[in-house]
Amino acid sequence: RGQRAKCLAILDEFRNLCATPVSRLRQIVDAMVVEMHAGLATEGGSRLKMLPSFVDVLPTGDEKGLYYALDLGGTNFRVLRVQLGGKEGRVIKQEYEEVSIPHKLMAASGQELFEFIAKELAHFVNREGDGFRPHGNQKRELGFTFSFPVNQTSINSGTLVQWTKGFTCDGVPGKNVVQFLEEAMEKVGLKMRVTALVNDTVGTLAGGRYWNEDVMVAIILGTGTNACYVERADTINKWNGLLPKSGTMVINTEWGNFWSSHLPKTYADEGLDADSVNPGEQGFEKLVSGMYMGDIVRRVLLKMAQEAEIFGKPIPPKLMQPYTLSTPHMSKMHGDETRDLRNVAKVLKDAFNITNTSLTVRKIVYMICDVVCERGGRLAGAGIVGILKKIGRDGTGTGSGSWGQGKNISCKPRRTVVAMDGGLYEHYAKFREYLQAAATELLGEEVSKNVVIELSKDGSGIGAALLAASHSPSP
Ligand code: ADP
Ligand code: MG
């Protein structure tokens, strides 16, 4: 009883620390806009890297031919081929395969990682069947989606800034990742040209835009989180190159590294950060994304176990082990609609080997999931509204480029589509609902009718293939 009160006190305290009232969200929206400006103004001007992607044209639908894509970004990588038939034919045929990355490769050398990838890609190319045809006798062309922060040096080259999401492969940071891939492809005898190197957000934007011209922003909410959007090239002060003919440039914000003193941070987040492979980095990602939310829940439970014996004595050993509770575990508990919360019980057994919990204890576990999910979802929603505000699509009309409003003689508000990809958003319904609720609160009912968040599943893979096509050097 005393212990139960202690647990509830810990829960209450944690809930208060995580609170995201709309007033706080507005401060976060504004901080996001300020940091976006700072990141565009000067190199290193903000924690938001605001990386120019060199993508100045997006797919139109006219693309034709056979293109490949490779998507490396987290727990899996995907290979894909697509036969494009222009405006009429669109996507004539498409095939893809998904390969999980052996855990030890995440800490292997760069050569080992890329050779594994090139081998899998070569297998896939060897199984190219009927209906796929490269034009003439040209080399096959590949769009490479590489979902880590990259300093892009051209449309098909760029250096890795740093690994994220648990990767630590030696020798890659600071180097051109396309060269690693090309050398590995040569070693396995695969003849292919890399024509586009893109981030998964940029791929998702391109994939979304192929079908819908109102797509201006793309968000990833999966293992990690990131965002990109279409910016006016003349507002990128740090850009030294020629202004692109299109007048626009896709900016990869790398918002996973966003930070603001207004973000709610707790002891659980501090512990998680300190124990991570990249302390002090990716602060926003550690509050919001699938790699981390489950572990935040675990850390609060551990505190309850230590200070209030929520699971009795001794403390279950697995509860002390980082990442034993995944975000899919968390969402399974949080989606539990049974009266006795038997899914919560099942996950506690699976993840921690904890049995015989009381309903009260299971309710507390459920509530912790709710607090962490609500905070993550609402912060992601605020981030999206920050980007919309920056491009003048949030209904306040104060953005740097009030996009297309000049052309809009009728003054009807423009529709803005946010292309979304990632397993977290796709599979965690309550996260999705909290995100949408925060966005609607911030934008207001009226404006939010014109802002549509659209799931663009695996858009990043096909998007990279489309960008390979639209940036192909071949005639
Ligand atoms: P990646 O981000 O690695 O490219 P995905 O977009 O497929 O891959 O996202 C996978 C991530 O999504 C997982 O690491 C996990 O964090 C999250 N996820 C997957 N399924 C669920 C689920 N049912 N509930 C909550 N999160 C999930
Ligand atoms: Mg992905």
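Predicted model: local features only at pLDDT ≥ 70, side-chain atom pairs only at ≥ 80, totals over all residues.

Author: Strand E10 (residues 225-232) is joined to E11 by 5 bridges, and the two strands run antiparallel.

As for cover, 4 of the 5 residues of E11 are buried, and the strand is mostly covered.

The protein chain is divided into domain 1 (1-53 + 212-457) and domain 2 (54-198). Their C-alpha centres lie 28 Å apart. Where they meet, 18 residues of domain 1 are in contact with 15 residues of domain 2. On the side of domain 1 that touches domain 2, the elements giving two or more residues are strand E1 (51-52) and strand E11 (248-252). E11 supplies the largest share of that side, 3 residues. By class, the residues on this side of domain 1 divide into 7 nonpolar, 9 polar and 2 charged.

Domain 1 and domain 2 both give residues to the shell around ligand 1, so the ligand lies between them. That shell has 15 residues, and the closest are Gly74, Gly222, Gly290, Ser331 and Gly423. Two helices, H10 (327-334) and H13 (423-427), are the elements that give two or more residues to the shell. Sorted by class, the shell around ligand 1 holds 4 nonpolar and 11 polar residues, with no charged ones.

Now turn to another set of strands. An open sheet is formed by 5 strands in the order E4-E3-E2-E5-E8, with mixed pairing. Strand E4 (91-100) and strand E8 (192-198) stand at the edges; each has a single partner strand, so one side of each is left without a neighbour in the sheet. On average, neighbouring strands of this sheet are turned by 20 degrees against each other, direction ignored.

Within the sheet, strand E2 (residues 64-72) and strand E3 (residues 76-85) pair over 9 bridges in the antiparallel sense. Lysine 64 has glycine 85 in E3 as its bridge partner.

Two helices lie across strands of this sheet. Helix H4 (residues 110-126) lies across E2, E3, E4 and strand E5 (140-146), and runs at about 35 degrees to E3. Helix H16 (residues 459-470) lies across E2, E3, E4, E5 and E8, and its angle to E2 is about 130 degrees.

Is valine 91 buried or partly exposed? A residue counts as buried if 20 or more other C-beta atoms lie within 10 Å of its own, and as exposed if 12 or fewer do. Valine 91 has 15 other C-beta atoms within 10 Å, so this residue is partly exposed. Leaving out residues up to four places away in sequence, valine 91 touches Val82 and Leu84. Lysine 64 is 27 residues from valine 91 in sequence, and their C-alpha atoms are 9.1 Å apart in space.

Key
Residues numbered from 1 in each chain as written. Chains lettered and ligands numbered in written order. Near = placed C-beta within 6 Å. Nonpolar A, V, L, I, M, F, W, Y, C, P; charged D, E, K, R; others polar. Domains from an automatic or database assignment. Contact = placed C-beta atoms within 7 Å. Pairing = 2+ DSSP bridges. Axes fitted to C-alpha atoms, helices over the stretch in contact; angles between N-to-C directions.
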